[in-house]
Each structure stands twice: as structure tokens, then as C-alpha cells.
Amino acid sequence: MRSPGPGSLSRWLLLLCVIAAPLLPSGARASREVVREHGTVRDAEGTEIPYELGTLYVPENRRVPGSRSIGVGYARIKARHPTGAPPVFWLPGGPGLSVLGAFTGEDAASRGRLKSWLTFIANSDLVVIEQRGYTRRGEMLEGTTDAWPLDRPASVQAEAEAMRAQARAAVAAHPDKDLAGYTIAACAADVDDLRRALGYDTITLFGGSFGSQWSLAVMRLYPEIVARAVLSSTEPLDSGYDMPSQVFAALQRIAHDADRDPKLVPYLPPGGIMGAVSALHQRFARGPVEVRVQSEAGEVQTVTLGSEDLQRALLSHTQEGAQWPAFILSLYHEHYEGWAREVQEERRPHPVPLIGPLIDSSLGVTAAREHLLRTDPALPLLGTWNFEANLASAPDWPTPDMGDALRRPVETTIPTLFVHGDWDTSTPIDNTLGLLPYFRNGRVILVHRAGHDGPFYQLREAPAAKLAVHEFLKTGETSGLPTEVSLPVPEFAVPAFAPPARKEARP
């Protein structure tokens, strides 16, 4: 029997909210009310497919009786024919990714997702739910970063202080909102509320990156409602901040193939791509460099780049692993202009979703995980950018600490399929390997040369495996699932300058 935990506590608090809630002001929505509208989209064959676009109203702070109601957007596309399979609940990543614009034409980037979503309805209903605090059918809570000076290098400590200030500014800018309610536990409760509102007994979870972490929270707090799950680019509840050495290992795997690409060989220093990384580390340890770049307005500016800028840059351009080696080789051969323009843009003020730091600072990590992060052997190369600012600013964000009881993995019997690429530098493959012992009915597909992508994109070269995943979603059948898939070596990008003479560039 599952012992009482955050999920049970949430349910009691939800009951108290219903009992103790005062009369709603005129125009306010009651918690768990659903507002729906309907439309159609056309699939690849031109067939009109009906969908439901709705808003679920939920308590902003589930721990506070009488908390105001906020909207959470969702979409539902019903199965072409009833199959008896539980609906797939597709959870977006981020935190801070809004995807429902795919239905309304507001978000062209999400149109590709819509095409993918339509493949699910051959087997079951599909429900897409957005995140509280970042949904067009509710509220889009955002803050703005401060400008960073161009005349001195970036630093982790400066970013940490900036995030502390951002937290205080966010609270001051939203006095009418209870930002303490924007936790991963509340997001999990939103999924359960939507399940009940739509009339489903059980659901199948489908999520990648933060969507996988969100799914793991649902599985932990509401295990009885989850029939099965497909998780990709997995982010465990205690692994919101990546272990530097595991990320570095993913870079080494990319470099292994890049070092053997004939088009890149003329650019390689001794030691190949990782030799270039080591040389850059030594170069910037001696001092920063100044790079003159021209802005879009024609103004010439000098961007100062230091050793901590380099730490951040080592993870630039890794979303598509085929791009990363050319970027590193450009820096090694002292072609800094493209990098400097990127930094110039990054240091300008820009809007940021508040749901990200609200959730991340609240979830945090266990003390044991923090110790491993701070003593990791790859810190000199990658630094503490991945976690320092969030940990330092956690007391300034109003969301409560979720506690180790939620963060630590526990054994589960929920049938779960993990799909993870070994070129993933955002959520290293070690995340999945570390979780597997806790999943008694868990299966994994390890995808060589895949990055931080959804499962079907990672399996793009394996149509039989994709069909087997759909069969798992429909029936739970695992017999057709492979354990490994290898993507072909990609066509690596080449630096945008001629190869240097064989005389080696100085380190």
C-alpha cells in the first residue's frame, strides 16, 4: 500500500478548498469548470479531423482554501474509431512551452507537432495539456532579464545574483497572484483534474524532457490513474540539474564520430575535437578575449569573452550534434565572430517564462545530488552554470520546497518505455539508466547518435520500432520493441573558412 504522501495531502487540501471556498466574485470561474470550443483540422490525406479546444479551471494554490481559479489550456482529438485503449496525455517540455497555437495558427513552430499528434488517434484519444502559468488559454506569466554588460566576461555568480533579483521582481510585479502555487505537484494535480473532467478512468502518459519529469510526478503522486507511459530524454525528479561529467561524456561521443569525418580532418588539432576543447580551456584560463562585432543597426561593439563564457559555449550548438564540432573548431582557430554575435544577443534583455524557475527552484535536488554536482570532475570545463543560479535563488522564489520524499525514486510497476539518445547533452542518457532499476516493468530503447528529441524523431530511421511504440501505447505489448537503435553518422557541418595550413594554430 502506498503510504500517505504529497499526493494524498493534495487531495485532502483540494477537498478543503471545495468545502471552505467562498462565493466566487462575478465573472470568476469555479475550480474544475471546463470551457470548450470545437474546430477541425485536416490530416495529410485532406480528411477533416474534429478537435476540442478547452480551458480547465483549477485552484491557483492548491494548499490554500479559497484560492483563485486559473485557466489551464488543453486540446483533445478523439480516436478515429474506439479501441478501448486509454487516452494518451501528451505533456509538453520546458517548463515554459505553449503548444496549443498549433490548432489556431498562432504558432507556426507547433504545426509539425500537430502532424505528429494526428498519428496517435489511430489507437486512442489524444489529450494535450499545457502548463499552468504558461498557457494561452489562461495566463502567460513572464519576467524580463536585465541587460548584461558587453565589456566584461560573464560569470556564474553574476547570473545567480541576477536570478535572485528576478525572483524578487516577479513577486513584486504580480501582487494579485499566488506564485507559491506553481509547483510540479500542482501541475500533476492539473493532469488528474483534467482526466476526471474528460471522463477517463486511466491514462497513458507521453512526455519528453520536462514533459517526462512532469509525467514522473504524475506517476509518483497518482499512480493509480496511469496505465503506462512513454518517456524520452528523461529528466528524473532529482535530476533537474545535469551531472557535468555525464554531459561531457555525450560530447565525447559526438567527437568520436566527428574526428573521423574526412571534411573535418584538415581542421583538427592533435587530440581531435576534445583536444580542441582542452586547448580552448587552457587559452581562456590565461585571460579573456575581446571581439569587435557590428550590430544590426550598424554599430560596432566590443564583446569581452572569458573562461566562464567558454564553459557555457561548450554546450552551444549541441541540439543538433552535427553542428557542434564546426563551432568548436571555429573557436579553436580563433574565429570568434559568430560566437560573439550570439553572446551579444544573449546579453540583451529578453522575456522569460516564470514557470521555469518557479518549478525548478521548488523541485531542487537532494543534498546527496547537490554534493555530486559540486564535486563532479568535469566542473573545470563546464562550470556550475547548470545549477548555481537556481540553487542560490531558491529561497527568493515563493514556491515551497517539494522535499526529498518526492525527489527520490521509488519502485513502481507502471509499464514504462524509455527512449533516450546518447548524444543528448540536455538530459544525459545516464538519467534513464539510473532510473531503470526502479521500474519493474520498464523497457528502454537506447538510440545511438540521437540528441534531445522526442521518441518518434529519435526513431526516425527505425519505422518498425515506431510501430512497436504505437502498439505499446495501444495495448502495452512490448515484444516488438528493440533495445537499441543506431542512427547513421550525420553529415557534419564544416567551419565557414578554409582549412588552415598544417602548421598548428597556437593553443
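These legends describe close-up views of a predicted model.

This is a predicted model, in which local features need pLDDT of at least 70 and side-chain atom pairs count only at pLDDT 80 or more, while totals for chains, interfaces and linings use all residues. Residues are numbered from 1 along each chain as its sequence is written, and side-chain values use heavy atoms, with hydrogens and water left out.

**View 1. Confidence along the chain and the stretch 1–27.** Residues 1–27 have pLDDT below 50. Beyond near neighbours in sequence, this stretch has 29 contacts in the model (heavy atoms within 4.5 Å). Where pLDDT is low, the predicted coordinates should not be read in detail.

**View 2. T55 in strand β2.** Strand β2 spans residues 48–59. Helices (H or I, at least four residues) and strands (E, at least two) are DSSP runs, numbered from the N terminus. T55 is buried, with a relative accessible area of 4%. Buried means under 20% relative accessible area, exposed over 50%, and partly exposed in between (1.4 Å probe, protein chains only). R137 is 82 residues from T55 in sequence, yet the two C-alpha atoms are 6.1 Å apart. Leaving aside neighbours within four places in sequence, T55 contacts E33, V34, V35, G71, V72, Y74 and R137.

View 3. P95 sits in the loop between β4 (88–91) and α2 (101–104).

**View 4. T204 and S209 in strand β7.** The strand covers residues 203–209. T204 is buried because its relative accessibility is 0%. Not counting residues up to four places away in sequence, T204 touches P86, P87, V88, F89, A227, R228, A229 and L473. S209 is not a glycine, but its phi is positive, about 60°. With 15% relative accessibility, S209 also counts as buried.

**View 5. S233 and T234 in strand β8.** Strand β8 comprises residues 226–234. S233 has a positive phi near 45° and is a residue other than glycine. Its relative accessible area is 1%, so S233 is buried. T234 is buried too, at 0% relative accessibility. Its contacts, not counting residues up to four places away in sequence, are S212, L216, F418, H420, T427, N431, T432 and L435.

**View 6. Packing of helices α5 and α6.** Helix α5 (residues 184–198) meets helix α6 (residues 210–221) at about 75°, with axes 9 Å apart. Axes are lines fitted to C-alpha atoms, for helices over the stretch in contact, and angles run from 0 to 180 degrees between N-to-C directions. The two helices are therefore roughly perpendicular (65 to 115 degrees). From α5 come I184, A185, C187, A188 and V191. From α6 come F210, Q213, W214, A217, V218 and L221.

**View 7. Helix α7 and its cover.** Helix α7 (residues 244–258) has 15 residues. From first C-alpha to last it reaches 21 Å, close to the 21 Å expected at 1.5 Å a residue. That expected span is 1.5 Å times one less than the number of residues. Buried in α7 are P244, V247, F248, A250, L251, I254, A255, D257 and A258. Their cover includes α8 (272–285), α10 (324–332), α13 (367–374) and α14 (379–382).

How values were computed: pLDDT = per-residue confidence, 0-100. Parallel < 35°, antiparallel > 145°, perpendicular 65-115°, else oblique.
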